[in-house]
Amino acid sequence: MNLPLNRNLNADLFVTRFITYLNAERNASGHTVDGYVADLAQFVAFRWGVDRKPPFLWMEVTDDDARKFVAALSKSGALPTTTRRKIASVRAFFRFLRREHAAKSDPFGLLRGPRKAKTLPKVMSVDDANRFLERPIKDFEKGDATEFAARRDSAVFEFLYSTGCRISEACSVRWGDIDFRRGGLIVKGKGSKERLVILGSKAVAALQALRSLVAGLKPEFADDSAPAFLSGKFRPLTPRFVERRMKIYLAEAGLPAGLTPHKLRHSFATHLLDAGADLRSVQEMLGHSSLSTTQIYTHVSVERLKDEFAKAHPRA
């Protein structure tokens, strides 16, 4: 359960300046900016109430306010990762206020939040991934899906599994971004950082089949400037749309409904490392700024090996 939001936040002068700062200096994505503002809106509602209108007296915020806010988040059932993120968001805002001489101190500066539980990401097995990726075309062959929907969904999921891209990155790809001859493309990830990702032969074939079909239906949407992945109404796909399509194919393939497009990213990294790929190369393909973030997938690989050992070794 979340704490309520104060909807008047964007009328505060320093909040609007903070948003400008995030966009102009931090080069943050729209999704990231929305997250910062939502977290800040919860703190404002907690400190001054949901109906309080700007300006907010940021100078009045104390260390005790910060501690009580964290306690309220915990009481509301927020996960440790959620609490830590909200602390980081409000801390970033108060650092900005200090830079603007609108606050004397950062009441969140010494707060670290609850300890983050160490959990390994869930991944598909290679067999499960193959079974899932086959479903869109099988549905078309059985007459359960149109050719456009099947070709598009096949291309989307082959792209995600082949590149390890985040779903938001995939939804923003245009045909002109893709180098079909070399089998790769440059994607823009978090913080607008660009990186090279690789397209396997099956992903290339699925994308080419989709583009050829689109060219016959709506030639203008096969142009280099057009989004590669479109809905039936020829509008750019949204992450939520892709998630809904994935649930359909998971059910048909007999796979857990809790798997998400992001699990294809986890599976991509784990399967590469299982097959002997270099950790640094996987880091670059995922777009991780820190190698330690990528190393979680080596632990996944070790756990998978231990499971196989436990099942097969006579003295396990």
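## Starting with a helix

Which residues in α2 are buried? They are Val-33, Tyr-36, Val-37, Asp-39, Leu-40, Ala-41, Gln-42, Phe-43, Val-44, Ala-45 and Trp-48. Please keep in mind, as you look around, that this is a predicted model.

The cover over the buried residues of α2 includes α1 (13-24), α3 (63-75) and α4 (80-99). Helix α2 itself covers residues 30-48, and its 19 residues should span 27 Å at 1.5 Å a residue. The C-alpha atoms at its ends are 26 Å apart, which agrees with that expectation. Just past the end of α2 comes Gly-49, with a positive phi of about 105°.

## The protein as a whole

Stepping back, the secondary structure of the protein comes to 13 helices and three strands. Its C-alpha trace spans about 65 × 65 × 35 Å along the principal axes.

Of the 316 residues in the protein, 45% are buried. Contacts can also be sorted by how far apart their partners lie in the sequence. Among contacts between residues at least 6 apart in sequence, 64% join residues at least 24 apart.

## A sheet of three strands

The three strands form an open sheet in the order β1-β2-β3, and the pairing is antiparallel. Strands β1 (178-179) and β3 (194-198) stand at the edges with a single partner strand each, so one side of each has no neighbour in the sheet.

Strand β2 takes in residues 184-188, and five bridges link β2 to β3 in the antiparallel sense. To find this pairing in the structure, look for Ile-186, which stands opposite Leu-196 in β3.

## The largest pocket

Next come the open spaces. The largest pocket has a volume of about 2200 Å³. It is lined by 49 residues, and those closest to its centre are His-31, Thr-32, Arg-85, Arg-166 and Lys-190.

Which elements each supply at least two residues of this lining? They are α2, α4, α7 (167-171), β3, α9 (239-253) and α10 (261-274). The largest share, nine residues, comes from α4, and α4 is also among the helices that cover the buried residues of α2. By class, the lining of the largest pocket holds twelve nonpolar, 21 polar and 16 charged residues.

## The second largest pocket

The second largest pocket has a volume of about 290 Å³. Among its 13 lining residues, Asn-130, Leu-133, Glu-134, Glu-158 and Lys-202 are the closest to its centre.

The lining of the second largest pocket is made up of five nonpolar, five polar and three charged residues.

Rolling a probe the size of a water molecule over the atoms shows where empty space is left. For this protein, the count comes to one cavity of 30 Å³ or more. The largest cavity holds about 30 Å³ of space.

What lines the largest cavity? The residues are Val-156, Leu-160, Ile-167, Ala-170, Cys-171, Phe-229, Leu-237 and Val-242. The lining of the largest cavity divides into eight nonpolar residues, no polar and no charged ones. Helices α6 and α7 each supply at least two residues of the cavity lining, and α7 has the largest share, with three.

Methods. Residues are numbered from 1 along each chain as its sequence is written. This is a predicted model: local features need pLDDT of at least 70, side-chain atom pairs count only at pLDDT 80 or more; totals for chains, interfaces and linings use all residues. Side-chain values use heavy atoms; hydrogens and water are left out. Helices (H or I, at least four residues) and strands (E, at least two) are DSSP runs, numbered from the N terminus. The expected span of a helix is 1.5 Å times one less than its number of residues. Buried means under 20% relative accessible area, exposed over 50%, partly exposed in between (1.4 Å probe, protein chains only). Contact means heavy atoms within 4.5 Å. Two strands pair if DSSP finds at least two bridges between them. On a 1 Å grid over the protein atoms alone, a cavity is a set of points where a 1.4 Å probe fits but cannot get out, and a pocket is an open set with protein on both sides within 12 Å along at least five of seven lines; lining residues have an atom within 4 Å of a point. Grid points are joined across faces, edges and corners, and a volume is the space filled by probe spheres set on the points. Ala, Val, Leu, Ile, Met, Phe, Trp, Tyr, Cys and Pro count as nonpolar, Asp, Glu, Lys and Arg as charged, and the others, Gly among them, as polar.
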